[in-house]
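The following exercises are to be worked through with the sequence and coordinates at hand. Each task is followed by a solution in steps.

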Amino acid sequence: MTRDPVLKITAKFLIPLIMLFALYVQFHGEYSPGGGFQAGVIFASAIILYGLVFGVEAASAVLPMSFLIRQAAAGVLLYGGVGVVSMLLGGQFLNYNLLAADPVSGQHLGIILVELGVGLTVTAVMVIIFFVFADRNRP
Amino acid sequence: MEQVIVTVLLGFLAATAVAVIRIKNLFAIVMLFGVYSLLCASVFLIMDAGDVAFTEAAVGAGITTVLMLSTVALTGSAIRIDKGSDKRNKLMPLALVTLTGLALVWGTLDIPPYSDPAAPVHQHVAPRYIEDSPQEIGIPNMVASVLASYRGFDTLGEVAVVFTAGLGVLMLLGRKKRKDQNKS
């Protein structure tokens with residue numbers, strides 16, 4: 001938590017841009033470097049910046065711990081779920097060929113869903129770790 | 001030109017490593033680790049490994065620095081120096097380090113030259129990915145198709161590791177908060 005107006009205004013200006021960049025990295029990962037891991041870390045760093053500048057309480061109000069834990073689990077579940085669905089459709093575990101009408105669009109859909117799962121889990125876990133550490137620092 | 005840039009960056013890397021060893025303030029060391037990661041990311045970028053450079057910059061220089069700083073805020077930034085450590089014999093560690101370093105350099109003599117297309121690592125599964133992934137997966141970033149599709153099972157494991165790390169931190173450090181909530 002800082003009282004410095006320069007830091008606050010700079011953070012307010014930067015945080016939406018960082019989040020937008022994270023979404024770009026997430027959903028543009030098939031065309032340019034990046035993907036779920038990098039996007040998750042970048043998105044988490046936007047929230048961590050918010051927590052550093054405006055206080056962890058303010059950041060926890062936006063993303064409560066109960067929500068973060070569910071988000072982390074949902075990411076792994078989405079990833080594994082894509083694998084199970086491709087099995088139920090008659091294919092192998094995590095073989096996305098049967099997810100859509102033709103194999104190539106099935107692969108596209110599978111990769112987008114799987115990367116989304118990675119992004120959800122990585123974002124949530126990074127923020128969880130930061131919140132827990134920051135919580136210990138308070139007397 | 002590329003050779004010059006890589007040499008300068010590696011020189012900076014070595015200087016950062018020496019500085020990390022010599023500095024006794026943990027806060028400064030954590031910041032230097034961030035510098036080290038950013039230099040590594042630059043080297044990866046010059047080697048055309050965009051995805052790896054991206055990850056190194058975001059994880060190594062970004063998140064890790066924040067987490068290390070949070071840890072330093074818990075432990076305090078001073079290193080407790082053992083007074084007796086100066087009097088111990090330093091020849092044995094020096095000999096050990098020199099021997100290990102020489103063994104590693106000797107090991108690099110066998111490595112094929114950098115970006116040699118005939119190197120064994122480029123002859124295993126890489127040709128198949130390069131030739132077939134445009135038809136099979138159809139996305140331009142081949143790293144993504146290897147990571148999320150061909151090696152999807154490995155990536156599932158990695159996500160599980162990240163998830164488990166979060167659970168571990170919560171179980172080890174998240175308890176104090178729950179007690180506080182019960183009290184209030």
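**Exercise 1.** Which residues of H3(B) are buried?

*Solution.* The model is a predicted one. The criterion for burial is a relative accessible area under 20%. Applied to H3(B), this criterion selects Asp51(B), Ala53(B), Phe54(B), Ala58(B), Gly60(B), Ile63(B), Thr65(B), Val66(B), Leu67(B), Ser70(B) and Val72(B). The next step is to identify their packing partners. In chain A, these buried residues pack against helix H1 (5–27), helix H2 (36–54) and helix H5 (103–137). In chain B, they pack against helix H2 (26–46) and helix H6 (142–150).

**Exercise 2.** Is Ser133(B) buried or exposed, and is His124(B) buried or exposed?

*Solution.* Ser133(B) is located in helix H5 (residues 126–136) of chain B. Its relative accessibility is 1%, so Ser133(B) counts as buried. Beyond its neighbours within four places in sequence, Ser133(B) contacts Arg128(B), Gly138(B), Met142(B), Ser145(B) and Tyr150(B). His124(B), for its part, is found in the loop between helix H4 (91–108) and H5 of chain B. With a relative accessibility of 65%, His124(B) counts as exposed, because the threshold for exposure is over 50%. From His124(B) to Leu69(B), the C-alpha distance is 42 Å, for a sequence separation of 55 residues.

**Exercise 3.** Characterise chain A by its secondary structure, dimensions, burial, surface and charges.

*Solution.* Chain A contains five helices and zero strands, giving the pattern α-α-α-α-α along the sequence. Along the principal axes, its C-alpha atoms occupy a box of roughly 60 × 30 × 20 Å. Of its 139 residues, 48% are buried. Among the contacts in chain A between residues at least 6 apart in sequence, 61% join residues at least 24 apart. The accessible surface of chain A is about 6,600 Å², with 74% belonging to carbon and sulfur atoms. Finally, chain A carries 6 positive and 6 negative charges, whose mean positions are 19 Å apart.

Key. Residues numbered from 1 in each chain as written. Chains lettered and ligands numbered in written order. Predicted model: local features only at pLDDT ≥ 70, side-chain atom pairs only at ≥ 80, totals over all residues. Heavy atoms only, no water. Buried < 20%, exposed > 50% of the residue type's maximum accessible area, 1.4 Å probe, protein only. Helix = DSSP H or I, 4+ residues; strand = E, 2+ residues; numbered from the N terminus. Contact = heavy atoms within 4.5 Å. Areas by Shrake-Rupley, 256 points an atom, 1.4 Å probe, with all protein chains shown as cover. Lys, Arg positive; Asp, Glu negative; His and termini not counted. Charge placed at Lys NZ, Arg CZ, Asp CG, Glu CD.
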